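Welcome to this short tour of charged side chains. Have your viewer ready, and select each residue as we reach its stop.

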Amino acid sequence: MLIRFFLMLREAGLPVGLTEFLALQEALKAGLADYSVDEFYALGRTILVKDERHYDRYDRVFAAHFQGLQDAFEALFGKEIPAEWLRRQAELSLSEEERKKIESLGGFEALMQALKERLEEQKGRHQGGNRMIGTAGRSPFGAHGYNPEGVRIGQEGSRHRRAVKVWDRREFRNLDDTAELGTRNVKLALRRLRKFAREGAADQLDLDGTIDATARNGGMLDLKLQPERHNAVKVLLFLDVGGSMDDHVKVCQELFAAARTEFKHLEYYYFHNFVYETVWKDNRRRHAERIPTTQVMRTYGPDYRLVFVGDATMGPYEIIQPGGSVEHWNEEAGSVWMQRLRQAYPKNVWLNPEPEDRWPWVPSVKLTRELLEDRMYPLTLEGIDRAMRALNAK
Amino acid sequence: MTTRFTGTDRYVATDDLKTAVNAAVTLARPLLIKGEPGTGKTQLAQEIARSLERPLYEWHVKSTTKAQQGLYEYDAVSRLRDSQLGDARVHDIRNYIVKGRLWEAFESEVQPVLLIDEIDKADIEFPNDLLRELDRMEFYVYETRELVQARHRPIIVITSNNEKELPDAFLRRCFFHYIRFPDEETMRRIVEVHFPRLKQELLKEALESFYKIREMPGLKKKPSTSELLDWLKLLLAEDVPPEALRAADGKSAIPPLYGALLKNEQDVHLFEQLVFLNRRANR
C-alpha cells in the first residue's frame with residue numbers, strides 16, 4: 001500500500017527518491033509513527049518532502065490516497081457505508097485510564113487491512129462496543145468514539161482532536177508554486193560572469209611570492225601575503241517593468257534574486273518599454289523620483305557591464321521617434337539614448353523573456369536587436385549562459 | 001538519558017516538529033529546519049541538546065566559511081615559522097592540525113548535538129562538500145593519513161533561511177521540517193513560557209495588535225515570534241497598561257514601542273501612513 005502512496009507522490013511531481021522511501025520504511029520499523037495516522041502524516045512529510053513549497057502537494061496526495069482507499073471499499077461493496085451507522089447516537093466518555101487501556105492494533109497498514117476485513121465481516125449497523133464499525137464505540141473505525149488511532153469515517157468535526165485529516169486543511173497552499181523556482185540554476189549560469197581580482201586586506205599566503213622572496217633572502221623565511229580573490233565584476237541592471245512585462249515578473253524576479261547574491265557590485269534601475277532620459281529605482285514612486293540617465297552614466301564607470309532585461313515589445317515609434325514614448329514627451333528618441341548607453345558601457349547585452357522564435361515577428365524586437373548589434377539573448381538558462389559569455393569576451 | 005524530544009520548559013514544540021526531531025534522532029539523519037526568521041530554528045538545536053542532555057557543538061556558517069573548516073585546518077604558516085625558530089613541535093604535523101566543529105563532535109564521548117547554523121549563507125557549493133561527511137560520518141585527514149570516524153553519529157540540526165537553494169543530493173540525505181508561523185493558540189503558549197506572570201489582559205491586547213500588524217499588506221519584514229517577545233519585554237519594562245494598546249475604534253492607534261516590531265523605515269513609514277489614513281476615514 002505504501003508503494004502505491006510512493007508512486008502517487010512521484011506522479012504528483014514530488015521529487016521523492018528510493019532513499020527517502022527506504023528511510024520511511026526504516027522509520028516505521030523503528031516504531032516512530034506510533035501507530036497514529038497523524039504522526040504517520042508528519043513523519044512522512046519530514047522524510048519524503050524536502051521543501052516547504054511541496055508541502056501542499058504532499059497534503060493533496062495524502063488526502064487523495066486515503067480518499068482512494070475509501071473509494072476502493074466502495075467499489076468493493078458497491079455502496080457507501082450506510083450513513084445511519086455513523087449518525088451520532090450516543091456519547092461515550094472514557095476516563096484517562098480507560099483511554100490508556102485502548103491498545104493500538106498495530107500500524108496504519110494493519111489498521112486499514114483490518115478495516116477492510118471488518119467491513120467484509122460486518123453486515124449490519126453497529127453502535128458501541130469494541131470491535132465493529134459504527135458510532136460512539138471504542139473500535140478504531142467509525143466516528144464519535146474514542147480510539148487513539150482511529151480512522152474517522154463521516155464525522156464533521158474532530159471531537160478528541162486526535163483524528164485524521166490535518167492534511168485537508170492544506171495550510172501550505174500559498175507556498176506551492178508549480179513553476180519550479182530555479183534560482184540555483186540561474187546562479188550557476190551567472191557564474192560564467194566572473195572576473196577574479198585581489199582587492200582589500202592582504203590576509204592570504206602568497207605561496208609563489210613567499211618562495212621567491214625566501215630564496216632571494218638566502219633561505220631565511222620571508223612571508224608574503226596577498227588579498228583574497230573575489231568576484232570583482234560590476235553589473236548595471238536595467239529592468240523593464242509594467243505593461244507586457246507583467247507576464248514575465250516571475251522569471252525576472254528569479255534572475256534578480258540570483259544576480260543580487262552573485263554580484264557584489266550590482267546596481268539596478270527600472271524603465272518602461274525603452275530607455276529614455278530618466279530611469280527610476282523605486283517602482284512605487286516612479287513618477288516622483290526619477291533619475292536622469294546621464295547621471296547614471298556619470299556615476300558608474302565603463303568597467304560596469306550593462307544588462308537590459310525586457311521583452312522589447314512595443315510600437316516601433318517608441319524607439320525611433322522623438323516624443324514616441326507612451327508615458328511622457330521625450331525630446332530625443334529612445335534609440336539615441338540606447339546608443340549613448342552602449343557607448344558608455346561597451347560591454348552590454350539584452351535579455352529577452354519572450355521565446356526566441358517569436359522575435360522575428362515583432363518589429364520592435366528586430367529594431368532593438370539591430371541597435372544592440374544582435375547582442376540579445378533569451379532569458380533562459382542557456383540564454384543567460386550565452387549572454388554571460390558575450391559579456392566576458394574581450 | 002531520554003531519547004525522545006518533547007519540547008522543554010522554555011521551548012514550545014508543535015506535534016509535527018516533535019515527530020520530525022524524533023525521526024531524525026532515531027534514524028540518525030541530519031534534520032534540515034527552515035522557517036521565517038525568528039521562529040526559533042537555532043534555538044531548537046540548543047533545546048534538543050538540553051532536553052536530551054547531550055553536549056552541543058555549534059558551527060555558525062558565514063559567507064566565507066568553507067566546508068573544510070568544519071573538519072580541520074592545517075596551519076602551514078605557523079609550522080613554517082616554527083621551523084625557522086627551531087621549535088621542537090615542528091616535527092609532529094599533528095601540532096598544526098586545528099580541529100573543526102565537526103571533528104570535535106565526532107570525537108564526543110556521548111552522542112552529541114551538532115548545529116550547522118544558516119547553511120544557506122555559505123557558498124553555493126558548500127553543502128555538496130559535506131555530503132560524505134554527513135552520510136558516512138567520517139572524513140580523511142590527508143596530512144596525517146588518518147580516517148576520522150564518528151564515535152556516535154551526532155544528531156545534526158541544520159538551519160536555513162532560504163537565501164540559496166540547496167542541492168538535491170544534499171537534501172536527499174536530510175530530513176526536512178518547515179517551522180510554520182505559530183497560530184494564536186501556540187503563540188499564547190510560547191509567550192506564557194517566556195513571561196509566566198504576564199497579565200492576561202495585556203497579552204490578549206498585545207497578541208491582537210501583533211497579528212493585526214502581521215496581516216498588514218506590503219510589509220517588507222513581518223514581525224516574528226522573537227520580535228513579539230522583545231516587544232513584550234519592553235512593554236513590561238515600561239509598565240504599559242493594557243488600555244494603551246487598545247484604541248477607541250480598535251484600528252487607529254499606533255501601539256507604543258512599535259520599533260521593536262517593525263525593523264525597517266519603509267515598514268514604519270507604511271504603517272504610520274495606514275494608521276493616518278484609518279484615522280482620517282474614521283473621523
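Start in chain B and select B:Asp120, which is buried at a relative accessible area of 1% (buried means under 20% relative accessible area, exposed over 50%, and partly exposed in between, using a 1.4 Å probe and protein chains only). Before moving on, a word on what you are looking at: this is a predicted model, where local features need pLDDT of at least 70, side-chain atom pairs count only at pLDDT 80 or more, and totals for chains, interfaces and linings use all residues. Residues are numbered from 1 along each chain as its sequence is written, chains are lettered from A and ligands numbered from 1 in the order in which they are written, and side-chain values use heavy atoms, leaving out hydrogens and water.

B:Lys121 is partly exposed, at 22% relative accessibility.

Next, select B:Glu138 and B:Arg132, whose side chains form a salt bridge at 2.8 Å, N to O. Which of them is buried, and which is partly exposed? B:Glu138 is buried at 5%, while B:Arg132 is partly exposed at 39%.

For a network, select A:Glu20, A:Lys50 and B:Arg172, which are joined by salt bridges that share partners.

Finally, go to A:Lys281 and A:Glu267, a salt bridge of 3.7 Å, N to O. A:Lys281 is partly exposed at 31%, and so is A:Glu267 at 21%. Over all chains, the structure holds 31 salt bridges.

Terms used
A salt bridge is a side-chain nitrogen of Lys or Arg within 4 Å of a carboxyl oxygen of Asp or Glu.
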